[in-house]
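Look at the fold below. Then read on for a short report on how some of its parts meet.

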Amino acid sequence: MKKSLIGLAVVIIFWALVSSCGGGGGGSGGDSDGNNQAPSSANLDQLTEEDWNALSDEDKLALTNKASSTLFKGASLQDFFDDPALTRAVIRDDTNQIAGIEQKLAQSLGGIDPYLEEIDEKYSFDSRKKPMQYPLAMLYELPLSREYYDVWMAYQLINTILFSPAVELESCDYLDIQSIFYRLFHMIGTDDSIRDIVYEHMISQENWRRFRSPEDNTREMMEIFLGHFSDADVPIASQACKNWSLTDESDGYRLFTDFDENAEPLQLLGRSVVDCYDFYDTVAEHKKLIPAVTKTLVDIFFHGYSDAARQQIANRIAASNPRTFRKLFSKIIFSKEYLLKVERPKRFEEAFFNIVHRINWFANRNFFKDINHAYSGSSYPSLYNMKQAAMTYKLGKPVAIPLDTLSFSYYHKAIRERLLLDRKSNPDNDYDGGWQVEFIEVDDDGDDYIDYLFMAILSRHAKPEELVELVQIMEDRGYGYNRKGKEMHRAMIVLDYISRLPELYFMQAIN
Amino acid sequence: MITRRQFLKSVGFTGLALSLPLPFAKQELHAALLDNIDYKKPPTIPKIIHVFLYGGPSELAGNLTNIAEIDANSQNFYPSSLDPDNPDNDITKNKFWGQAGGDIMEALMADKYLSIYRTVNRIKDDSKAHGRSVTQNLVGNLDLLNPGIASTLAAILELYNPFGKSIEELVLPFVSLEGESRVFALGDLSVPQVMRPMTLDANFKNPYERSKNWYVDGSDEDENNNRLDRLAQSISARYPTKYAKIIEAFAKRAELEAFIDSRFNSDTVDADLPVDPLTGQQIQYPSSNFGNRLKSAVSLAIGNPDTVFISLGSSGLGGWDDHSDALEDYPSRMNGLMAALQVACRHMELKNADNIVIHVFGDFGRNVNLNNSMGWDHGNNQNLYTLGGWGIPGRAMGKLVGRTRRIGQSKQNRQFTSPTSGSYQCEPFAIASTIFKYFGVQNPQVLTGEPAINESTNVPNEWI
């Protein structure tokens, strides 16, 4: 009897293990080992004052930076504490910083022209590839604001399968990026609906340069915007679009529509459809559109959760019927589930720009050009070499951040050599970028100095074993605490070490 | 065919021996392999260069047998160079498209470097959807959650170890020249780190190099650098699951840096290219995306004894989704691919590397109707181009297999080729089965649902 009960227990345990294979789910805290089982019910409510107040100061800093990182921004210790010297630090503003971020994202700057003028003055861009390079410069220079949020949302969307300009294709062009990006930015800014934005995109030449025949285009519109994978519907839909085509290279890959329209009513997606405009209208108005678009974004921000969990989250968000992208993004990134539970690899922009805003970093004149460089012969750690190129791929950036050895080596190289070990040595040279000396000129000394660097970049204290070994290395190199004027030497050792920690490349759950 | 998941669940219900150590999943998968696979160590351990043409390549470069009928029924005309009645046409003796690599195919077949299977045809789940088809073809199974072909192969090799040395001693057995790929997806397998793919750059760049931080170590020293690595590894080892891929990447970094420095850089690779006695010159790969990647792949396969699987496919290899302007783009792209493959085969022959198999195929074939954007939409029937490996027992080269007919309504878009009623045909998963068979699995259909490609003389050779 006992043996059979034990046997039954083993079977149950085995069954549970097998059933959970391949799953991901909600994080269980900052120290979790990524055992992301699907939460029974994700908490999509907003963070309350009570939630905020229940956090430690360290967790408040971490949470503020998680939200900031998502938005390609960062909160430095100087921003957060009234004195960055940690031994005396008190939080500068103890109100809910997440709510503060949301408020900033709702406030208009009253125009962005001054910022655009400054960008054009400070940075150099390739004349042809500027549309690809410019948006990151906008995101770097603009402060958190309504306009900033519009740019950020446009950047997120243009890098998804929904709206990618796909410049890797011969038929697509860098000018397509500008057209798509501006359209997204403008329509998001005027609070146009998701449906209208999708419709305008679908009827555009840029869309046809990506999906280039009636069958191709109609198939992909149904798959991408409705999650509708039905090969049987493709010939019907393509019949409605039979008079739309793309010219060849010699004619400039233009969208061409002739008079040979379909005249026969077709039953498709629950409606009667005659011409191609009808088809696009049907897709844009379809009940599956919001859920499919929502799922695309949830898959990105909640990457690592099981498919069932992501579907559940997407269903619940879609059920609230977000009319605009502003509403949709806010429901995702300001949900408690995202802020407190999500653990996933960071996209390069999330990691890099979070750190730059925390370490008094200066972008050199060519930075936005270089980071978007697509030349395959270069060893420069560009987004292209990391396989995270912006606006390039036919199907958008991969949902799973490429962490194969090669792609990650470039990612690590960028963080280590172009950021953490890159000190701006000449304050008068705009071509010389890097973190500036003010970053390391703090009043902390000894172990507190090392701790300052950890908190400044990782939002956590150094562990005892880290302090012991780092201090030992410093002493072995002759940079012990008793050596004055060696702060930078000590910093370079610590920063090099931090660059080798996987946690630097991850969004963390917040305890 | 029982899927791996179904098998595991059935075993779970019938109960297990109490003494099974953790992790259960890995042990049970090994048990599944042991119980179901009939393995016999092959006389030669093959090497696979797996060239996947993302987007779905048209078959026409390798199959113009139906072109007259295709052209007569197409919405838009094909060029006169593909008119069989045109005395100056571009159709080769064996009905290849001359300028689309067909002339090269004739030479490759005559030299017995190449076999072409013209009827890799989906009967099961013909979705014509990229994502679904790519995944299924790269995992070698209808089940999208199956491990990739390379991961399944890794598990088989770990289990049966035909190498004559410990698995842990292998150096770069699985390599990707394309970054992440579903062909390496783990699914529910657990594969040791040494058998996980390492990614190399086909242009021999070495991003694994770390620039020296002079604050950490003085000249000629590296000890503190290593101490920083060890400290980071010990901290991150507390989260082996969460940070698995990055831990692996950091762990392999130094090894890869050294490997590229010593053996896989452009100087050593170029120096090692053989001299062709017919020309008196070193062989030269075309200076193209295909050429660079195949040079890397073949050089690695020849130069590194432990490498058994190299994956080589990306949109950078051409993006085969020719929905528009196909007649402009496709022929030159195919020709470029075949030119590089021709040099690869000569390279292998001159180095007596008769165990390296190159497979070339994609998501699916395409329509044969030229649509109004002058392209081909998604289809089904496709070619498998398989090259090299002439030393593998039972592998017949110089074969042209499969007969096709045109199907679909005249002047409508959906017109395809399809195997004739008496023709040999196989599902794309047969390619995975063939790979497993080469490595010693006698019954690969238990893993893929399809038998291996029939390479015997029972299958008619259409080659003229």
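## Helices and rings

Helix 10 and helix 14 of chain A run roughly antiparallel to each other (an angle over 145 degrees). The angle between helix 10 (residues 194-202) and helix 14 (residues 276-285) of chain A is about 150°, and their axes lie 9 Å apart. Their crossing is right-handed. Helix 10 of chain A brings A:Arg195, A:Tyr199 and A:Met202 to the contact (heavy atoms within 4.5 Å). Helix 14 of chain A brings residues including A:Tyr277, A:Tyr280 and A:Asp281. The contact residues are six nonpolar, no polar and three charged.

This is a predicted model: local features need pLDDT of at least 70, side-chain atom pairs need 80 or more, and totals for chains, interfaces and linings use all residues. Residues are numbered from 1 along each chain as its sequence is written, chains are lettered from A and ligands numbered from 1 in the order written, and side-chain values use heavy atoms, without hydrogens and water.

Now the rings. Over all chains there are 54 aromatic pairs (ring centres within 6.5 Å). Two of them are tabulated; planes under 30 degrees apart count as stacked, over 60 as edge-to-face, and the rest as tilted.

| Pair | Centres | Planes | Type |
|---|---|---|---|
| A:Tyr140 and A:Phe368 | 5.8 Å | 50° | tilted |
| A:Phe302 and A:Tyr338 | 5.9 Å | 75° | edge-to-face |

A:Tyr140 sits in helix 7 of chain A and A:Phe368 in helix 20 of chain A, 228 residues apart. A:Tyr140 is buried (under 20% relative accessible area) at 13%. A:Phe368 is buried at 0%. A:Phe302 is buried at 0% too, and A:Tyr338 is buried at 0%. A:Phe302 and A:Tyr338 also belong to one aromatic cluster, with A:Phe72 and A:Trp152 among its members.

Note on methods
Axes fitted to C-alpha atoms, helices over the stretch in contact; angles between N-to-C directions. Helix = DSSP H or I, 4+ residues; strand = E, 2+ residues; numbered from the N terminus. Parallel < 35°, antiparallel > 145°, perpendicular 65-115°, else oblique. Left-handed = near helix turned anticlockwise from the far one by under 90°. Nonpolar A, V, L, I, M, F, W, Y, C, P; charged D, E, K, R; others polar. Phe/Tyr/Trp six-rings, centres within 6.5 Å; stacked < 30°, edge-to-face > 60°. Buried < 20%, exposed > 50% of the residue type's maximum accessible area, 1.4 Å probe, protein only.
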